[in-house]
Amino acid sequence: MSQQLEIDAYRFVRESRLLEGFLDLSELPRLHDLVTKVLGKVEYRLQGVLGERGQPRLRLEVSGVLPLVCQRCLGAVDEALAIDCLLELIAADSEPTQDELENDSLDFLPVAGALDVKALIEDEILLALPVAPRHAACGLPVDADAGEQLHPFAALAALKTKLN
Ligand SMILES: [Zn+2]
């Protein structure tokens, strides 16, 4: 069942609200190309908190296991998510200052008011995933410095070359 997850971000923080639940992988379309099958769910917990000077912040935690596509053998490689991030809400048209950008302990989220929580969760998952997921050992020959060749079609291309 698809659910709409929209909050008024500033009010959510002001009221110290908490939103938690599960999201089906089928509801996170931007992840579909990255997994071997669209099956399973992630658990999330979103909390409105105030910074030490009253800055409006959201703490987002996401956990779950995604069957990512191994970039070497194209099989499933399970990636355990353990996201725990702090996002400071800033006006939709403002840019974080240099000081803010250098603060590693939190990120900035430009938002006018309404916030699509599902899209936010999707964003944070995409940021947390490895660029080139792969098994520690696939059983396929390992290219010593495969850095750039690890894209989804590398294995296919290799196969094609063999067939020609
Ligand atoms: Zn593999």
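**Close-ups of a mixed sheet and its helix**

View 1. Strand 4 (residues 56-69) runs antiparallel to strand 5 (residues 76-90), and 13 bridges join the two. Strands here are DSSP runs (E, at least two residues), numbered from the N terminus, and two of them pair if DSSP finds at least two bridges between them. This is a predicted model, where local features need pLDDT of at least 70, side-chain atom pairs count only at pLDDT 80 or more, and totals for chains, interfaces and linings use all residues. Residues are numbered from 1 along each chain as its sequence is written, and side-chain values use heavy atoms, with hydrogens and water left out. Look for S63, whose bridge partner in strand 5 is A82. The hairpin has 6 residues between its strands, and L74 in the turn shows a positive phi of about 65 degrees.

**View 2. Strand 5 meets strand 6.** Strand 6 (residues 107-110) pairs with strand 5 in the parallel sense, over 4 bridges. E88 has F108 as its bridge partner in strand 6.

View 3. Five strands make an open sheet in the order 2-3-4-5-6, with mixed pairing. Strand 2 (18-24) and strand 6 stand at the edges with a single partner strand each, so one side of each has no neighbour in the sheet.

**View 4. Strands 2 and 3, with helix 3.** Strand 2 and strand 3 (residues 41-50) pair antiparallel over 7 bridges; L18 has Q47 as its bridge partner in strand 3. Helix 3 (residues 117-128) packs on the sheet, touching strands 2, 3, 4, 5 and 6, and its direction makes about 120 degrees with that of strand 5. Contact means heavy atoms within 4.5 Å; helices are DSSP runs too (H or I, at least four residues). Axes are lines fitted to C-alpha atoms, for helices over the stretch in contact, with angles from 0 to 180 degrees between N-to-C directions.
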